[in-house]
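Welcome, and thanks for taking a look at this one with us. Below is a short tour of a ligand shell and a sheet, with the helices that go with it.

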Amino acid sequence: MKCGTVAVIGRANAGKSTLINVLVGEKIAIVSPKPQTTRERILGILTEPSYQIVFEDTPGIYKAKNRLNDFMQRQTSETAKDVDLILFVTDGHEGIKEEDLSTLKRFEKGDIPVLVAFTKTDIMPAEKIPEELIKFSDLDVKGVIPVSARKGRNVKKLLAAILDLLPEGDYIFPEDVVSDKSEKFMLREIMREKLLLKFDKEIPHGVAVVLNEYSIRPSGTAEVNLDIVCEKPNHKAIIIGKQGQALKEVSSFAREGMEKFLGRKVFLTVYVKVKENWRDNPQLLGEYGYKEED
Ligand SMILES: Nc1nc2c(ncn2[C@@H]2O[C@H](COP(=O)(O)OP(=O)(O)OP(=O)(O)O)[C@@H](O)[C@H]2O)c(=O)[nH]1
Ligand SMILES: [Mg+2]
């Protein structure tokens, strides 16, 4: 049996979480068109009769501007240290940047093998692909696989290349486990995903979601009560919107996402609170879940 851990690393917004969701075959991480969607390490586990692959999703590499970003970057660098394989994801459509190559050069010096997934090939002209792939030619990587996570293109080929590089070993997780995160975590993340989709600029980046209650009524309906914590009174006003319209809309999207995830009806209540500069407050970061485990 093959079993191994794979750190999925790359620039913010490259398509890491989308690719893991496709590889695992379930949504284990939220996705959005904005950078810095993923804030912490999330495991996505794929178990088949002859292998188990533990994918470790990470926050995109990004210049830290506050303590939340520092936490995120530490999650990524720590994950990269202790795995069997680094799967470096690059956005083919955006093109390979100098910073991608310099990150790859750093990993190349370490002991962990590196494989590159060159993604989003569905939205770039086919003739541009070889031009971009040439940029990897001087690097000591185990391979570069062009893929489209959105179209599922070449994902099997990528999986085979990953498996080739993993050791033999016993499974780490029971076969029915797909993630290390709880339902409660996913409910908070689904709310954050809809906030990322609806609001622009700093608003979604300055939001934390706190779950106050999650219970199942005798009827089978889930009762979910959460707070959206934002950084400024004017952000709160925008999130709520005129006559509460914006909040109503984003909550309704979140409720639908939660219903799909839980497979049951959801009764959702949401409050918006302000905690100035929480992203730089160590105590609040800890309370909102952005703290290293001991
Ligand atoms: N067309 C196309 N879009 C993709 C593909 N993969 C991801 N995307 C889009 O790219 C955007 C970013 O995807 P994510 O999976 O959130 O990227 P990420 O690397 O996890 O981003 P961070 O968590 O912010 O670092 C989303 O809008 C995705 O829908 C792909 O194969 N094709
Ligand atoms: Mg992500």
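Two strands count as paired if DSSP finds at least two bridges between them. In this predicted model, 8 bridges join β7 to strand β8 (residues 222-230), and the two run antiparallel. Within that pair, Tyr 214 sits opposite Val 224 of β8.

Let's step back to the whole sheet. This open sheet has 3 strands in the order β7-β8-β9, and its pairing is mixed.

| Helix | Lies across | Angle |
|---|---|---|
| α6 (residues 183-198) | β7 and β8 | about 130° to β7 |
| α9 (residues 245-262) | β8 and β9 | about 135° to β9 |

Now for the ligand. Which residues come nearest to ligand 1? Of the 24 residues around ligand 1, the nearest are Gly 15, Ser 17, Thr 18, Thr 38 and Gly 60. Helix α1 (residues 16-24) gives the most to this shell, contributing 3 residues. Sorted by class, the shell around ligand 1 holds 12 polar, 8 nonpolar and 4 charged residues. If you are setting up a view of the ligand, helix α1 is one of the elements to display, with its 3 residues in the shell.

Notes: Residues are numbered from 1 along each chain as its sequence is written. Chains are lettered from A and ligands numbered from 1 in the order in which they are written. This is a predicted model: local features need pLDDT of at least 70, side-chain atom pairs count only at pLDDT 80 or more; totals for chains, interfaces and linings use all residues. A residue is near a molecule or strand if its C-beta atom, placed from the backbone, lies within 6 Å of it. Helices (H or I, at least four residues) and strands (E, at least two) are DSSP runs, numbered from the N terminus. Ala, Val, Leu, Ile, Met, Phe, Trp, Tyr, Cys and Pro count as nonpolar, Asp, Glu, Lys and Arg as charged, and the others, Gly among them, as polar. Two residues are in contact if their C-beta atoms, placed from the backbone, lie within 7 Å. Axes are lines fitted to C-alpha atoms, for helices over the stretch in contact, and angles run from 0 to 180 degrees between N-to-C directions.
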